[in-house]
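Here is a friendly briefing to read alongside the structure. Have the viewer open and follow the topics in turn.

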Amino acid sequence: MNSRLAINRLKDRKPDDAAVDRFLARHQAPIVEQDRCTFLWRGEADDVRLVHRIVGLPDAIPLRRVWGTDLWYLVLELPAGSRLNYQLEVRRGEHHERMNDPLNPKLSYSPVGTSSVCFADGYTTPDWTEPDPEARPGELADIVVTSRALRRDQRITLYLPARFRRATDYPLLVVHDGGDFLQYAAAKTVLDNLIHRLDLAEVIVAFLHPKDRLTEYANSTAHARFLTAELLPRLEAELPLVIRRSGRCLMGSSFGAVATLSAAYRAPLVYGSLILMSGSFVFTDVGAADHGGGPAFDPVVTFVNRYRARPRRVADRLFVSCGVFEPLIVRNRSMVPTFEAAGMTVRYVETPDGHNWENWRDTLRDGLCWIYPGPQKWVYE
Amino acid sequence: MPRVIVLGPQRRITLDAVIRGLHDIEAVATVTAGWRERESDDAELNQVLGGRAVNLRLYARWQDVLERDPEYAAAEREHRSALDEAQELYRLQLAGVLDALAEVSRHGATADRIRENAIADARDVVRLVDQRHEARIALAREEFAATWKPAGRSVPAEHRAAVAELLRRTNALVVSGGHVGVLLHVLRLFALPAPATVIAWSAGAMALTERVLLFSDKIPHDPGHAEFAGPGLGWLTGCVLLPHARRRLHTADPVRMAELAVRTAPDRCVVLDDGVRLEWPEGGPALPGGARIVLDDGRIGEPAVVAS
């Protein structure tokens, strides 16, 4: 099998620089051949490594040099349909440089910057994440909620679906890291498209913008009080919302998932559903053990340990997802039986992806449409 | 009972040929409320009907009622919320009893008779859940109508009178597809009387029956449990209609299909795929010739002729 890879065919030819030029002109890096992805870098260096966050593999995997050339390569086996965010680290003497892959134009975006992304065989960006001219757009509008709990004004971006009518009651979705979901997970486009396709019920969405997320989202009483005692009553007073818990859903990813769970924990059965993506549910089986997450995770670990010791039904339905490349995959898998034991209906989805916004974007349809299914069953054209 | 003509989905238009064959029809009233905000996008339909269609604009009238009669609008919101919640709870119940039925059906009981008895009991439970839900929805709707009496409120009454006047000038009604819940609601709100002839397809046809069954095996993230939505207008009896059956159902799965037949019995599940034309001279209950139904064994075919 290996002998058929493009890189191996090149090596067999004992290439010179011109052959490498032609090779790179002919192939788009990384070269995806079934389940093998060949990563490439060209230049003079002492060491080149692929830096990634696939759990179970070394954090930095060295590339090898094609003998007699300045071409470096690494063949990785990646599961069908997966996506891998990565960078390259190049060392020249004592000088280390971390960079996106200059041979790969595909980038993944996040609040902390960009990284290169490899689409393994079978991965395609879902069409419902791309703007659809047929889908009537909903509207975004900002409101400000003065919060005594947070001791500040909290900006909220509201999404109202197309054809919004005051005579209709809408379910509510509250999204942690709302600005990032809008910017990096195409949340508005996804909502517009899924509603247009009748996959998702018409829904009102409140996108939150945290000020200090590592504090507010790490099991903060103030944040939970803001959500349940300040934001929810205001939204329910001002908007035509379904006033029962099956019409209330909290959502978050990473630390936002912790904030989601902890807010629901403090207001059991106020929220009917939770969407927990790649939750940072770090725990220790032995209380004093080192959890490895650093000080920011201390309150998270305290909360998750307490929850695992005494699981409580905090909502009716939980959508839980995690990428199989994520270090958090084991934590999330471990939480599923804990949630189920507390009497909640859990839908658990694993994705061939990592801890990134495109993963959460691609998982939105699974989560949203399970929580608030659209009217497809009612429509017969 | 009116003469009811039910057509297959109109992606492939057959309505024009049907209309041409009905020589007693002069002017046609149309209901396209199932299209909701697109209700007025009916130019193509009007053309198919030879330019003699009068759209009753029931969706727009409903929106007008909600806007001009806030007290009624608030009551209707509350009523709809209660119906939605009842449907949610019914869905939960269904998931449980259908899972139990599936589990019992798979169970490797050593004696067939023991297993068959258990399956029969599980089916009875499913049917009980269905019947209770249908009865509760029907009761809730009756109570709402009795309490809020749209006929006695000025705005709905004004629209009812206008609709009645339009209907007087026509001698047939055409009901298109779309959202079956919206269709049923507006047809009731404006109290459409049964006309001499009704032609309907998809959701429009479903709304004419006694029992409306919602179904789709092909919705992502949905367990695919068919669910009753409550009573229809009852202009068509003895059958439950399944438009787009081949697109929406796993029709090659006889176990799955037989479940539908069991749940709707004694009414028959009539399959309405492309090109179908069925005519009930007086609304049923006898099935017209050419009707294809879901048989007890889950196959789709013509009903067996029962010797008298």
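Let's begin with one pair of residues: A:Glu33 has A:Arg36 of β2(A) as its bridge partner. Please keep in mind that this is a predicted model.

- As background, the strands of a sheet pair through backbone hydrogen bonds, in either a parallel or an antiparallel way.

**Chain A as a whole**

- There are 10 helices and 19 strands in chain A.
- Its radius of gyration is 23 Å, close to the 21 Å from the globule rule for 381 residues, so chain A is as compact as a globular protein of that length.
- Along the principal axes, the C-alpha atoms of chain A fill a box of roughly 75 × 60 × 35 Å.
- Buried residues make up 44% of the 381 residues of chain A.
- Among contacts in chain A with a separation of 6 or more, 72% come from residues 24 or more positions apart.

**Two domains in chain A**

- Chain A divides into domain 1, covering 2-119, and domain 2, covering 127-376.
- The C-alpha centres of these two domains of chain A are 36 Å apart.
- Where they meet, domain 1 of chain A contributes 13 residues and domain 2 of chain A contributes 13 residues.
- On the domain 1 side of this contact, β7 (83-92) and β9 (107-110) of chain A supply at least two residues each.
- That side of domain 1 of chain A is made up of six nonpolar, five polar and two charged residues.

**Helix α9 of chain A**

- Does the length of this helix agree or disagree with its residue count? The 13 residues of helix α9 (residues 329-341) of chain A should span 18 Å at 1.5 Å a residue, and the end C-alpha atoms are 19 Å apart, which agrees.
- A:Asn332, A:Met335 and A:Phe339 are the buried residues of α9(A).
- Covering for these buried residues includes β17 (317-323) and β18 (345-351) of chain A.
- After α9(A) comes A:Gly343, with a positive phi near 90 degrees.

**Where chain A meets chain B**

- The contact between the chains involves 18 residues of chain A and 25 residues of chain B.
- On the chain A side, α10 (357-371) and β19 (379-380) are the elements that give two or more residues.
- With three residues, α10(A) provides the largest share of this side.
- By class, the chain A side has nine nonpolar, two polar and seven charged residues.
- Strand pairing also crosses between the chains: β19(A) and strand β5 (residues 178-179) of chain B are antiparallel over two bridges.
- Look for A:Val379, which stands opposite B:His179 in β5(B).

**Strand β4 of chain B and its partners**

- In strand β4 (residues 172-175) of chain B, B:Ala172 and B:Val174 point one way while B:Leu173 and B:Val175 point the other way, and all are buried.
- Strand β2 (residues 28-31) of chain B pairs with β4(B) in the parallel sense, over four bridges.
- Within this pairing, B:Thr30 has B:Val174 of β4(B) as its bridge partner.
- β4(B) also runs parallel to strand β6 (residues 197-201) of chain B, with three bridges joining them.
- Here B:Val175 has B:Ala200 of β6(B) as its bridge partner.

**A loop residue in chain B**

- B:Ala291 sits in the loop between β11 (277-280) and β12 (293-294) of chain B.
- Leaving aside residues up to four places away in sequence, B:Ala291 touches B:Val270 and B:Leu278.
- The C-alpha atoms of B:Ala291 and B:Val271 are separated by 7.6 Å, although the two residues are 20 residues apart along the chain.

Conventions. Residues numbered from 1 in each chain as written. Chains lettered and ligands numbered in written order. Predicted model: local features only at pLDDT ≥ 70, side-chain atom pairs only at ≥ 80, totals over all residues. Expected span 1.5 Å × (residues − 1). Buried ≥ 20, exposed ≤ 12 C-beta atoms within 10 Å, placed from the backbone. Contact = placed C-beta atoms within 7 Å. Domains from an automatic or database assignment. Nonpolar A, V, L, I, M, F, W, Y, C, P; charged D, E, K, R; others polar. Rg over C-alpha atoms; globule rule 2.2 N^0.38 Å. Pairing = 2+ DSSP bridges.
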